[in-house]
Amino acid sequence: MNLSILKNKTSEEIGKHLDIKDRVTLLERLSTLGLPSKKNEAYRYFDVEKLLEKEYKILDNLPMSPKPSNKIEIKDGIVVAAPQGMRVYSEHCDKIDMDHFDPLYYLGHLLSPQTIKIELDGDVEVEIEHTFTQSDTLIHYRIVLYNQANRHATVYENFVHETIENTLVLYGYDMHIAQDSTLRVVKMQSMQHSGYSMIASHTINVAQNANALLKTFDIGSDQALQLFKITLDTHAHVDAGHLLYLNANAKRGTVSQIVHTGEYASSTQEAKNILDAQSRGIFDALIKVENTAKYTKAAQNSQAILLHDGAYMIAKPQLEIYIDELEASHGATIGQLDKQQLFYLESRGISHVEAKKILVIAFANTLIEQVKDSRQQERIKIAFEKAFYAGYSENSSLS
Amino acid sequence: MSSIMKIENLQAKIGDKEILKGLNLELEPGKVHAIMGPNGAGKSTLSKAIVGHYDVDVTDGNIIYKNQIINDIAPEKRALEGIFLSFQHPVEIPGVNNAYFLRTALNAKRKHEGKEELDAAAFLRLMKEYLTLLDMKSDMISRSLNVGFSGGEKKRNEILQMMLLEPEVIILDEIDSGLDIDALRAVSEGINKMKDGKRSFLVITHYSRILDYIKPDYIHVLKEGKIIKTAGPELVAQLEEHGYDGIEEE
């Protein structure tokens with residue numbers, strides 16, 4: 001399949017190409033938004049067209065009975081293992097966000113009518129591991145995730161891959177965070193010439209008095225974009241943190257919309273970006289406060305450190321406000337490592353590379369240390385160091 | 001006696017400004033050399049030039065350490081070979097744990113010397129000993145490097161690093177600035193314990209107060225980018241009485 005064939009097509013034409021006769025509203029949304037290109041605001045800084053123009057194999061996403069495991073294992077879009085007793089099953093998605101800004105959110109739903117539904121019962125901690133094994137393939141799947149009211153659940157999301165090339169992964173969550181609950185999501189994706197690109201398009205609904213803690217750690221090279229739309233009801237709260245450490249020719253980042261719809265909701269979003277070599281980081285984030293969202297508190301900040309002249313950061317924190325009664329702030333800084341700090345470490349016999357690593361990790365640590373589970377925290381630190389040294393061996397800028 | 005460090009006709013600038021204008025200096029092993037001079041004479045530039053600071057551009061002359069010209073040697077290599085600068089204003093580094101920094105620096109040195117790296121337990125035992133010696137609070141090594149440290153704590157932390165790394169040439173740039181009497185005494189005791197008859201000290205100072213605690217063997221007067229006079233400790237009294245204007249170039 002070549003997805004670029006869907007470019008500038010009517011909903012009927014898209015339906016015909018995808019062999020979908022019903023789901024008219026989704027087809028219309030995709031047709032209205034149009035297949036992403038440089039002209040699409042969400043994809044302006046990401047070379048999406050090249051990815052969509054490639055010819056991909058499509059896999060038959062036939063659900064199978066998962067084996068017992070201590071984590072949810074999703075292989076090429078199919079659940080192959082799950083913890084016993086956990087409700088993980090295949091189901092048609094009945095709640096699709098019809099106001100999402102991302103056309104690929106709708107394409108994802110059209111391609112994957114059967115979604116992976118995960119119901120988190122109680123105060124559970126679960127790891128979701130995504131594995132990709134197929135080359136030249138469009139791996140597409142969607143996950144619908146529910147937690148229980150008054151409960152505190154945690155999801156750790158990790159990604160592994162076999163030796164593959166030219167694969168595009170199109171996936172995403174529809175998360176429904178129940179009233180008075182907390183859902184903590186920690187995503188760690190380390191890619192280093194991994195052979196796949198990824199577009200992850202999520203929608204997250206945070207119900208009344210609920211808390212969403214979303215921490216993403218994107219490390220290494222390659223191309224990947226995560227797009228979030230987060231909707232906050234009354235007294236809901238989201239705390240989002242994004243760490244980006246890129247090397248080589250990576251193009252990765254976050255495009256997000258946090259929409260305050262209910263009163264007294266609050267949001268904080270912090271991005272820390274460290275870019276080396278010829279990499280490009282993206283933080284294109286909008287906080288939108290609807291006229292129903294009195295007494296909103298919203299804060300958004302992006303900090304970037306460029307380690308190389310060829311590195312480039314696109315930081316676009318934005319506020320769109322339709323009400324007066326609120327507190328809101330946003331900002332972005334881009335700089336380099338502090339020369340004085342670097343010299344101080346070197347003057348004690350610490351090599352230039354190690355000194356850089358120490359300072360880079362110090363910058364990242366405020367986000368990494370927010371991961372409470374020490375095993376997961378260690379995993380992020382190890383991935384971070386591995387990517388740092390991989391970048392060093394590929395790129396003389398660090399020497 | 002042969003020198004451990006010899007500086008010959010050193011000319012250096014910061015930006016476009018020429019600061020050092022043909023400076024000559026020899027450091028003898030086991031001796032304490034004090035450099036005194038008015039503001040803007042080039043005292044800090046000299047210390048920066050010796051450790052290879054990025055601000056300083058050496059335009060002529062040589063810095064010779066253990067019979068090797070080190071003008072083009074990287075700062076970390078100079079440190080590993082035994083040159084240590086205690087900074088006048090130690091930089092704060094948020095997010096870098098002091099203990100982690102100290103252990104990394106110590107192990108870099110040990111590795112350079114072909115010794116085994118120190119494990120966490122052995123390192124902590126060593127730290128305990130030095131913290132007591134320098135009258136430092138134990139929480140100082142668990143905090144971020146120099147962050148929120150008082151002036152005295154920063155200087156103690158510099159001396160702690162010096163003791164840990166056991167350098168052979170120790171440059172103390174305004175080590176007494178911002179110290180109260182107790183801190184000055186503790187820092188001086190730490191420095192005096194490092195005297196082993198082999199190490200050289202280069203004490204850069206405006207005031208003679210520190211020299212009451214660290215007894216110098218030589219006083220060098222640095223003025224307008226050159227050493228204009230070298231004498232014994234008796235020169236301090238003359239400087240106190242007449243100031244730098246009263247000193248004629250030899």
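I began with S4(B) and S5(B), which pair in the antiparallel sense over two bridges. For my own bookkeeping, two strands pair if DSSP finds at least two bridges between them. Helices (H or I, at least four residues) and strands (E, at least two) are DSSP runs, numbered from the N terminus. I found Tyr65(B) standing opposite Gln68(B) in S5(B).

This is a predicted model, where local features need pLDDT of at least 70, side-chain atom pairs count only at pLDDT 80 or more, and totals for chains, interfaces and linings use all residues. Residues are numbered from 1 along each chain as its sequence is written, chains are lettered from A and ligands numbered from 1 in the order in which they are written, and side-chain values use heavy atoms, with hydrogens and water left out.

**The sheet around that pair**

I zoomed out to an open sheet of four strands in chain B, with the order S2-S1-S4-S5 and antiparallel pairing. Strand S2 (17-27) and S5 of chain B are at its edges with a single partner strand each, so one side of each is left without a neighbour in the sheet.

I then checked the loop between strand S4 (56-65) and strand S5 (68-69) of chain B, where Asn67(B) lies. Its phi is near 70°, a positive value in a residue other than glycine. Is Asn67(B) buried or exposed? Asn67(B) is exposed, with a relative accessible area of 77%. The cut-offs are under 20% relative accessible area for buried, over 50% for exposed and partly exposed in between (1.4 Å probe, protein chains only).

**Strand S11 of chain B**

Next I looked at strand S11 (residues 218-223) of chain B, where five of the six residues are buried. Four bridges join S11(B) to strand S3 (residues 32-36) of chain B, and the two run parallel. Here His33(B) has Tyr218(B) as its bridge partner in S11(B).

S11(B) also pairs with strand S12 (residues 226-231) of chain B, in the antiparallel sense and over five bridges. I noted Val221(B) opposite Lys229(B) in S12(B). S11(B) and S12(B) form a hairpin with two residues between them, and Glu224(B) in the turn has a positive phi of about 50°.

Glu248(B) sits in the segment after helix H7 (235-242) of chain B and is exposed, at a relative accessible area of 62%.

**A helix pair in chain B**

I picked helix H4 (residues 120-133) and helix H5 (residues 151-165) of chain B, which pack at an angle of about 130° with their axes 11 Å apart. Axes are lines fitted to C-alpha atoms, for helices over the stretch in contact, and angles run from 0 to 180 degrees between N-to-C directions. H4(B) is thus oblique to H5(B); angles under 35 degrees count as roughly parallel, over 145 as roughly antiparallel, 65 to 115 as roughly perpendicular and the rest as oblique.

Which residues of H4(B) and H5(B) make the contact? On the H4(B) side they are Phe123(B), Leu126(B), Met127(B), Tyr130(B), Leu131(B) and Leu133(B), and on the H5(B) side Leu160(B), Met163(B) and Leu164(B). Contact means heavy atoms within 4.5 Å.

**Over to chain A**

Chain A has an open sheet of eleven strands with mixed pairing, in the order S2-S4-S3-S7-S9-S11-S13-S15-S17-S19-S21. Strand S2 (67-68) and strand S21 (326-335) of chain A are the edge strands, each with a single partner strand, so one side of each lacks a neighbour in the sheet. Helix H6 (residues 352-368) of chain A packs on the sheet, touching strand S13 (211-220), strand S15 (237-246), strand S17 (266-275) and S19 of chain A. The direction of H6(A) makes about 155° with that of S17(A).

My last stop was Ser194(A), in the loop between strand S11 (182-191) and strand S12 (196-206) of chain A. Ser194(A) is buried, at 1% relative accessibility. Apart from neighbours within four places in sequence, Ser194(A) is in contact with His161(A), Glu162(A), Ile164(A) and Asp222(A).
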